[in-house]
Amino acid sequence: MAKHLTDSDIEAIVEYLDEWDLSKKVTWERLCIALDDDLGISHTRQTLQSHDRIKGAFDDLKLHLRGKKKRGGKVLPSSLAAAAKEIETLNRKNARLERENKNLLEQFLVWQYNAHIHGMKQDQLNRPLPEK
């Protein structure tokens, strides 16, 4: 039986997707093979797809690749090309993090509302976690 994905595995996978080579088509099969080869994370498409962060990062990348335009065949000098690639990677990562942050803020509002409805006090919510 395959091990479950840890939070650090999920983080590594979404960062891997942020840095995906845009000249390569992305599919679940290619991602599974690349993760096994490059990160030693061996899981099925179903396992990867069951995690919202991974599925969201994958879908964001697919949308980005669909909308990507060719630059008229111009070849940039390597330093400018490297800078452009880094900027594009950072922009994709920033968009993913903004989406995840929005989802977390929405979840917080649900928790805040439910805590208020059930009469929880702020000191109860701020109580530290028990030590192991």
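**Exercise 1.** At roughly what angle do the axes of helix α1 and α2 cross, and within what distance do they come?

*Solution.* This is a predicted model, in which local features need pLDDT of at least 70, side-chain atom pairs count only at pLDDT 80 or more, and totals for chains, interfaces and linings use all residues. Residues are numbered from 1 along each chain as its sequence is written, and side-chain values use heavy atoms, leaving out hydrogens and water.

Step 1. Helices are DSSP runs of H or I with at least four residues, numbered from the N terminus; α1 covers residues 7-18.
Step 2. Axes are lines fitted to C-alpha atoms over the stretch in contact, with angles from 0 to 180 degrees between N-to-C directions. Those of α1 and α2 cross at roughly 110° and come within 11 Å.
Step 3. The two helices are therefore roughly perpendicular (65 to 115 degrees).

**Exercise 2.** State which residues of α1 and α2 make the contact.

*Solution.* Contact means heavy atoms within 4.5 Å. From α1 come A12, I13, Y16 and L17; from α2 come L31, A34, L35, D38 and L39.

**Exercise 3.** Classify the aromatic pairs, of which the structure holds two.

*Solution.* Step 1. Rings of Phe, Tyr and Trp (its six-membered ring) pair if their centres lie within 6.5 Å; planes under 30 degrees apart count as stacked, over 60 as edge-to-face and the rest as tilted.
Step 2. Y16 and W20 have ring centres 6.1 Å apart and planes at 75°, so this pair is edge-to-face.
Step 3. W28 and F58 are stacked, at 3.9 Å centre to centre with 20° between the planes. W28 lies in α2 (residues 28-39) and F58 in α4 (residues 52-67), 30 residues apart.

Technical notes. Angles under 35 degrees count as roughly parallel, over 145 as roughly antiparallel, 65 to 115 as roughly perpendicular and the rest as oblique.
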